[in-house]
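I opened the notebook again today, with the sequence and the model side by side. Here is what I looked up.

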Amino acid sequence: MEQGEISFRKVGTHRRIRLADLMAYKHAIDQQRAAALDELAAQAQELGVGY
């Protein structure tokens with residue numbers, strides 16, 4: 001949050017995040033994770049290290 005990846009506002013010492021912003025962040029992370037897994041699977045296929 002402090003790095004600006006998710007917008008927030010502070011109420012006292014607590015951070016408040018909008019649900020829509022949190023869900024957008026989760027969606028972006030999920031897409032990155034899926035892309036990384038696809039890349040690893042492709043590399044495993046190329047190297048013949050599949051199951």
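My entries on one helix and its surroundings follow.

**Ground rules.** I am working with a predicted model, where local features need pLDDT of at least 70, side-chain atom pairs count only at pLDDT 80 or more, and totals for chains, interfaces and linings use all residues. I number residues from 1 along each chain as its sequence is written, and side-chain values use heavy atoms, with hydrogens and water left out.

**Helix H1.** I looked up tyrosine 25 and found its place in helix H1, residues 19–47. Helices here are DSSP runs of H or I with at least four residues, numbered from the N terminus. I checked the length too: at 1.5 Å a residue, the 29 residues of H1 should span 42 Å, and the end C-alpha atoms are 42 Å apart, which agrees. That expected span is 1.5 Å times one less than the number of residues.

**Tyrosine 25.** I read a relative accessible area of 28%, so tyrosine 25 is partly exposed (buried is under 20%, exposed over 50%, partly exposed in between, with a 1.4 Å probe and protein chains only). Which residues does tyrosine 25 touch, not counting those up to four places away in sequence? I found Glu5 and Ile6, with contact meaning heavy atoms within 4.5 Å. The C-alpha atoms of tyrosine 25 and serine 7 are separated by 9.8 Å, though the two are 18 residues apart along the chain.

**Alanine 20.** I placed alanine 20 in helix H1 as well. Alanine 20 counts as partly exposed because its relative accessibility is 47%.

**After the helix.** Just after H1, I noted that glycine 48 takes a positive phi of about 70°.

Technical notes
Helices (H or I, at least four residues) and strands (E, at least two) are DSSP runs, numbered from the N terminus.
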